[in-house]
Amino acid sequence: MGPAQLTIRQGNRSRLGAHFDGEGVNFALFSEHASRVNLCLFAEDGRTEITRLALPERNGAVWHGYVPGLKPGALYGYRVEGPFAPERGHRFNANKLLLDPYTREMHGSVAHDPAVLGYLPDSAYGDLSFNEADSAPYVPKSVVSHPDSFTPDAVTLDRRWNGTFIYEAHVRGATMLHPDIPNYLKGTYEGLSSQPVLDHLTHLGVTAVEILPVHAFTSEGALRARSMRNYWGYNTLGFFAPEPRYFGPSGVFGFRKMVDRFHEAGIEVILDVVYNHSAESDHLGPTLSFRGIDNASYYLLLDGQPRYYVNDTGTGNTLQVRHPYVLRMVMDSLRFWVQCMGVDGFRFDLATTLAREVHGFEVGGGFMDALRQDPVLAGVKLIAEPWDVGPGGYQLGQFPSEFSEWNDRYRDTVRKFWRGDTHSAQDMGSALLGSAELFDTKGRQAWSSVNFVASHDGFTLADTTRYVQRHNAANGEDNRDGHHSNYSDNFGTEGDSDDPEVNAARQKRMRNMLATVFLSQGTPMLLAGDEGGNSQNGNNNAYCQDSPVSWLDWKTLDSDQIAFTAELSRFRANHPVLSQSRFLHGAERTNGHPDVEWRAMDGSPLNWRDPGLSSLCVILRGCAECVSGDAMTDVVLLAFNREDEAMELRLPSGENRVWRQEIDTTTTRQPSTCITTPTTEIPANSVAAFVLKDRSAEL
């Protein structure tokens with residue numbers, strides 16, 4: 001049907017976005033303050049606007065229209081009319097073509113031309129000036145999807161939380177330098193789920209892959225000016241569309257194929273999602289979608305100064321998730337990724353922002369209530385990054401029982417302990433038991449703490465043993481960016497060393513921290529590459545390094561350390577006392593023994609008041625409410641020796657059973673040694689794990 005034949009009539013307001021019903025397409029867009037909404041249709045090349053049709057009907061804040069004869073694949077955008085009054089919070093500019101917030105596919109990408117700005121960048125009036133340049137040539141177009149492309153028929157794995165082992169990975173970072181992935185799959189969704197990666201993950205015992213943002217995003221203008229681009233993806237443009245730069249042979253369908261491949265391997269898919277801000281930045285940012293559709297509704301604006309944005313995210317703007325239609329968009333997006341794409345869970349970036357109401361952080365706020373009551377989302381994993389830069393932003397341990405939380409305090413504690421900081425052993429004891437002082441409230445379970453020693457944001461595990469200072473000059477910000485408190489240790493040499501003793505000490509430190517993560521109550525998380533000692537050469541903020549700086553160099557990964565990590569994972573999986581659902585507080589079990597027992601190496605009670613405490617011994621037994629059957633007889637003893645000398649460990653009597661050592665961090669080759677004497681030696685700076693076994697079977 002040619003452009004002259006296209007007509008529009010009243011549509012249906014119930015479904016936002018563009019939906020083909022077999023005979024035409026219904027368009028519906030939310031805008032509370034607009035005076036007119038124009039639908040612009042484009043030719044297949046995305047460059048030529050072939051017709052402009054005003055949405056003819058408005059019901060409340062929803063504008064809608066129906067175009068008979070229009071087919072899937074049609075390219076479109078909106079031009080929204082209304083007041084341009086930045087001082088009152090309104091930035092309507094019909095010269096700017098706007099992306100549909102509900103589009104599931106995009107054609108083209110953002111070119112950072114001055115035309116995408118709603119104001120004249122060289123004007124003395126700044127963002128109060130009005131830019132009449134047409135932005136259409138420089139912005140992506142929305143695409144009318146075929147209804148069969150995104151059918152709500154996906155099935156999630158729904159694996160139990162207290163058996164979860166998370167592997168945090170980036171689509172490009174994990175695949176670009178993998179020698180066994182074909183070139184045409186590198187950097188793609190299909191590449192991330194290719195057989196070489198699946199074989200590696202299953203060898204490690206990974207149960208869930210947490211993928212850095214894959215919602216369609218764009219790079220900030222400042223990065224473009226430095227000839228760089230956003231690598232991590234925390235700069236969302238569209239909350240329903242998969243990021244096109246990761247498309248492989250299957251295009252947009254590659255994402256669902258990736259999920260299916262992971263599911264076939266028994267691995268869940270968790271998405272890192274960014275609903276706290278958008279790619280439009282502050283008052284000097286581009287007008288790409290939300291700002292031009294209804295700035296005052298989509299964004300939190302400063303009280304008394306609505307020209308400016310609340311910046312609780314540190315990115316320039318903050319989405320107003322407490323607005324009903326913004327909240328609806330977020331909820332619709334979450335359901336889409338579960339029902340149509342098969343996603344098993346979400347890690348919410350800067351989750352405090354999402355839970356902040358008018359008077360501050362509220363567990364019972366609109367977003368939290370909507371999320372917790374939603375039947376579609378009831379069975380998926382929810383992970384909070386429990387902080388932002390706004391007032392009262394640090395909320396570790398304060399999220400509802402449905403959530404687990406990234407525990408940065410755990411990360412810092414483990415680094416400090418193995419670095420040798422005084423007073424760190426006391427916090428280490430808490431960390432080993434799931435940080436109960438933070439999470440054991442209101443029925444929360446021990447898996448609530450996501451335990452990690454490194455993530456995408458900060459030093460890799462290897463770099464915590466190689467660098468004291470950040471080395472971020474390549475980011476172009478004069479090394480001012482990135483964390484300054486890394487609690488790291490370079491063993492006397494900053495960066496690479498040719499000293500065998502230094503390198504051996506670094507490798508053992510990595511094994512000690514890896515062992516700590518897998519032997520702690522809670523949910524272990526591993527940064528991709530840490531299993532093999534991957535380094536970013538001291539860059540602790542590689543958000544703009546889409547390059548070998550942040551790509552895993554698989555050829556240089558330490559195969560012995562990978563095998564060691566896999567052994568830790570298997571040990572954890574084989575011993576349910578290490579991943580109990582209830583917190584352990586020393587309660588007496590039915591057999592007369594406590595569920596957890598702390599001891600000094602010589603068997604005496606542990607002196608927690610000693611500021612120089614540097615060795616710990618803990619015995620773990622199954623909580624009666626957590627385990628049953630054979631697991632009730634599962635007993636594990638963990639010994640942590642941070643001293644520079646070996647220590648003698650007195651093993652408690654096993655009655656008719658005997659202790660067998662199965663973990664030793666002084667070597668990558670793990671023992672399976674039956675201990676027949678009442679004492680055994682724990683080498684300096686090491687971790688050991690022992691299991692109580694039936695004597696007749698062992699001797």
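These legends describe close-up views of a predicted model.

**View 1. The largest nonpolar core holds 145 residues.** Six members touch the most other members: Phe27, Tyr167, Phe255, Leu271, Phe346 and Phe348. Helix H6, residues 324-339, gives the most to this core, with 9 residues. A second, separate core has 15 residues, among them Leu75, Val110, Val116 and Leu288. In soluble globular proteins, nonpolar side chains tend to be buried together.

**View 2. Phe348 and its contacts beyond the neighbouring sequence.** Neighbours within four places in sequence are left aside here. Phe348 is in contact with Val273, Tyr275 and Leu334, and also with Leu354, Phe367 and Leu371. Further contacts are Leu382, Ile383, Ala384, Glu385 and Phe403.

**View 3. Helix H9, residues 408-419, is largely enclosed by the rest of the structure.** The buried residues are Asp408, Tyr410, Arg411, Asp412, Thr413, Val414, Arg415, Phe417 and Trp418. They pack against three strands listed here with their residues: S23 (403-406), S24 (449-451) and S28 (635-641). Strand S33 (686-694) is also a packing partner, as are helices H10 (424-432) and H12 (500-519). From first C-alpha to last, H9 reaches 17 Å, close to the 16 Å expected at 1.5 Å a residue.

**View 4. The two ends of H9.** At the start of H9, a side-chain oxygen of Asn407 comes to within 3.2 Å of the backbone nitrogen of Arg409. Just after the helix, Gly420 takes a positive phi of about 105°.

**View 5. The aromatic pair Phe27 and Tyr76.** The count of aromatic pairs comes to 32. In this one, the ring centres are 5.1 Å apart and the planes stand at 75°, so the pair is edge-to-face. The pair links distant parts of the chain, 49 residues apart. Phe27 belongs to strand S2 (residues 24-30), Tyr76 to strand S7 (residues 75-81). Phe27 counts as buried at 0% relative accessibility. Tyr76 counts as buried at 1%.

**View 6. A cluster of aromatic rings.** Ring pairs link Tyr102, Phe150, Tyr189, Phe217 and Phe240 with Tyr246, Phe247, Phe255, Phe336 and Trp337. Phe255 is also one of the residues that touch the most other members of the largest nonpolar core.

**View 7. Charged side chains over tryptophan rings.** Arg347 lies over the face of Trp406, at 3.9 Å from the ring centre. The charged end of Lys381 sits over the ring of Trp161, 5.4 Å from its centre.

Note on methods
Residues numbered from 1 in each chain as written. Predicted model: local features only at pLDDT ≥ 70, side-chain atom pairs only at ≥ 80, totals over all residues. Heavy atoms only, no water. Core = buried A, V, L, I, M, F, W, Y, C linked by side-chain atoms within 4.5 Å. Buried < 20%, exposed > 50% of the residue type's maximum accessible area, 1.4 Å probe, protein only. Helix = DSSP H or I, 4+ residues; strand = E, 2+ residues; numbered from the N terminus. Contact = heavy atoms within 4.5 Å. Expected span 1.5 Å × (residues − 1). Polar contact = N/O pair within 3.5 Å; in protein donor to acceptor, adjacent residues only side chain to side chain. Phe/Tyr/Trp six-rings, centres within 6.5 Å; stacked < 30°, edge-to-face > 60°. Lys NZ or Arg CZ within 6 Å of the ring centre and 35° of its normal.
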